[in-house]
Amino acid sequence: MKIQRLLAATLLLVKAGHAMADCSRPILVPVAPAGLSVVVSGQEVGGIYPDMLAAAGKRANCQFIFKPVPRARLEAMFEAGTADMLLPAPRTARRDQHGIFIPMIQARATVITVDAKYEPVRSLAQLMGRPRRTAVVRGFDYGAPYQRFLSEASQGGRLFIEVDAEHVARLLNAGIADAAVMTPTVLAGAILGDKRLAGLLERLRIEPVEELDWMDTGVYLSKSSLSEADQNELARILTAAAQSGALWNSYKRYYPANILASSLRPRG
């Protein structure tokens with residue numbers, strides 16, 4: 001029900017903004033599923049970030065065109081300069097090469113297991129030292145320690161790299177994967193959107209680990225595809241949206257408090 005409301009609200013706002021163009025042209029925003037942050041149903045796009053963008057665009061006379069793509073392709077499009085924006089995205093050195101980062105909120109990736117059937121872990125190194133099969137989403141990036149973990153885990157043959165969080169949730173639910181590494185809100189959003197996973201959310205154990213600290217997350221603006229004027233206008237309206245607290249209030253409205261507390265918080 002939450003997902004349907006997010007889709008409907010965003011679609012109405014996007015339609016209302018079609019005739020507006022204070023930005024020099026329509027802004028292309030390829031998106032991939034990311035919990036309730038970005039919800040994709042066929043070719044329909046909704047969720048907390050698209051909802052925020054559509055509302056901000058309506059006020060500022062900017063039109064956003066959302067295009068569903070796989071997460072890995074989204075990253076490739078942004079690096080190639082064929083996407084104007086990348087969202088939601090934690091800040092990383094690699095992404096800084098291609099885009100201007102606008103911080104919106106802080107997020108933290110964690111280790112996520114089911115039913116507490118394993119001893120808790122306090123680090124990715126400790127997770128690597130145990131015979132666990134771990135699932136992640138292709139294209140997600142939580143910084144250098146996360147990338148090192150992926151490299152080591154893939155060499156051991158114990159890593160499932162999936163196209164989206166829904167596939168990760170199904171592996172956890174079936175007992176095929178023993179753990180996942182991602183932001184808990186992303187996994188929770190996938191579970192809430194799939195009736196076949198009913199009851200899984202209550203069984204999750206969320207374990208912060210020392211290598212994965214809180215990170216600024218938000219929106220990247222392309223350095224290559226956007227004009228300087230459009231970069232400045234988009235930065236202005238996104239910064240205003242972040243400062244208003246609207247994004248954080250949306251997360252509080254749609255996510256269980258325990259999931260939110262472990263994975264997202266307002267900046268400063």
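This is a predicted model: local features need pLDDT of at least 70, side-chain atom pairs count only at pLDDT 80 or more; totals for chains, interfaces and linings use all residues.
Me: What makes E6 and E13 count as paired strands?
Reply: Strands pair if DSSP finds at least two bridges between them. Two bridges join E6 (residues 99-107) to E13, and the two strands run antiparallel, so they pass the cut-off. Residues are numbered from 1 along each chain as its sequence is written, and side-chain values use heavy atoms, with hydrogens and water left out.

Me: What makes E5 and E13 edge strands?
Reply: The open sheet has the order E5-E12-E6-E13 with antiparallel pairing. Strand E5 (85-90) and strand E13 (264-265) each pair on one side only. Strands here are DSSP runs of E, at least two residues, and helices are runs of H or I, at least four, numbered from the N terminus.

Me: How do you know which strands helix H9 packs on?
Reply: Contact means heavy atoms within 4.5 Å. Helix H9 (residues 228-244) touches E5, E6 and strand E12 (215-222).

Me: Why is one side of E9 and E11 left without a neighbour in the other sheet?
Reply: That open sheet runs E9-E8-E10-E7-E11, with mixed pairing. Strand E9 (159-162) and strand E11 (204-207) stand at the edges with a single partner strand each, so one side of each has no neighbour in the sheet.

Me: What makes E7 the partner of E11?
Reply: Strand E7 (residues 110-114) and E11 pair in the antiparallel sense over four bridges, and valine 111 stands opposite glutamate 207 in E11.

Conventions. Axes are lines fitted to C-alpha atoms, for helices over the stretch in contact, and angles run from 0 to 180 degrees between N-to-C directions.
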